[in-house]
Amino acid sequence: MKFVEREALWRERVEQWRGSGLSQRAFARKHGYPVRQVGYWVRRLAAPQSTPLMLPVAVDSAAAPAGAMSLRCERGWMLTLPGDVPAVWLAELLRAL
């Protein structure tokens, strides 16, 4: 089962739990789910989904020394890289972020 499918399944289960009036433990036992798994999905689905798929990019030529580039995150960190970083490596880095 793909993660998106599992998430959708647990989203339904969490909604059922909320409407049931039962504790997480009672709901899990009634339906045969692991108690810890119910708690995990309740917390996970309640967490704000703040990571956007696309981020705006602004090019600021004065922000980095000549021959270097800087990646700045909205959370406050900044990474300065030499200008001769291979494009393939940089693409892998951006995918990992």
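View 1. Arg 11 is partly exposed, with a relative accessible area of 39%, where buried means under 20% relative accessible area, exposed over 50% and partly exposed in between (1.4 Å probe, protein chains only). The model shown is predicted, so that local features need pLDDT of at least 70 and side-chain atom pairs count only at pLDDT 80 or more, whereas totals for chains, interfaces and linings use all residues. Residues are numbered from 1 along each chain as its sequence is written, and side-chain values use heavy atoms, with hydrogens and water left out. Arg 11 forms a salt bridge with Glu 7, the closest N and O atoms being 3.2 Å apart; a salt bridge here is a side-chain nitrogen of Lys or Arg within 4 Å of a carboxyl oxygen of Asp or Glu. The two residues are four apart in helix H1 (residues 3–20), and are therefore separated by about one helical turn; helices (H or I, at least four residues) and strands (E, at least two) are DSSP runs, numbered from the N terminus.

**View 2. The surroundings of Glu 7.** Glu 7, found in helix H1, is buried, with a relative accessible area of 15%. When its neighbours within four places in sequence are left aside, Glu 7 is in contact with Trp 41 and Leu 45, contact meaning heavy atoms within 4.5 Å.

**View 3. Glu 15 and Arg 18, a second pair in helix H1.** A search of the whole structure finds three salt bridges, and one of them joins Glu 15 to Arg 18, with 3.2 Å between the closest N and O atoms. Both residues lie in helix H1, three residues apart, which is about one turn of the helix. Glu 15 is partly exposed at a relative accessible area of 48%, and Arg 18 also counts as partly exposed, at 44%. Side chains of opposite charge can pair when their charged atoms come close.

**View 4. Glu 92 and Arg 95 in helix H4.** The closest N and O atoms of the salt bridge between Glu 92 and Arg 95 are 2.6 Å apart. These residues are three apart in helix H4 (residues 87–96), separated by about one helical turn. Glu 92 is partly exposed, with a relative accessible area of 45%, whereas Arg 95 is exposed, at 59%.

View 5. Strand E1 (residues 68–72) and strand E2 (residues 78–82) run antiparallel and are joined by five bridges; two strands pair if DSSP finds at least two bridges between them. Ala 68 stands opposite Pro 82 in E2, and Leu 71 has Leu 79 of E2 as its bridge partner. Five residues lie between the strands of this hairpin, in which Gly 76 takes a positive phi near 115°.

**View 6. A nonpolar surface patch with Trp 77, Leu 94 and Leu 97.** These three residues make a nonpolar surface patch of about 310 Å². Patches are made of residues with over 30% relative accessible area and no salt bridge, like charges being joined within 9 Å and nonpolar side chains (Val, Leu, Ile, Met, Phe, Trp, Tyr) within 5 Å. Leu 97 lies in the segment after H4 and, at 59% relative accessibility, counts as exposed.

Notes:
Areas by Shrake-Rupley, 256 points an atom, 1.4 Å probe, with all protein chains shown as cover.
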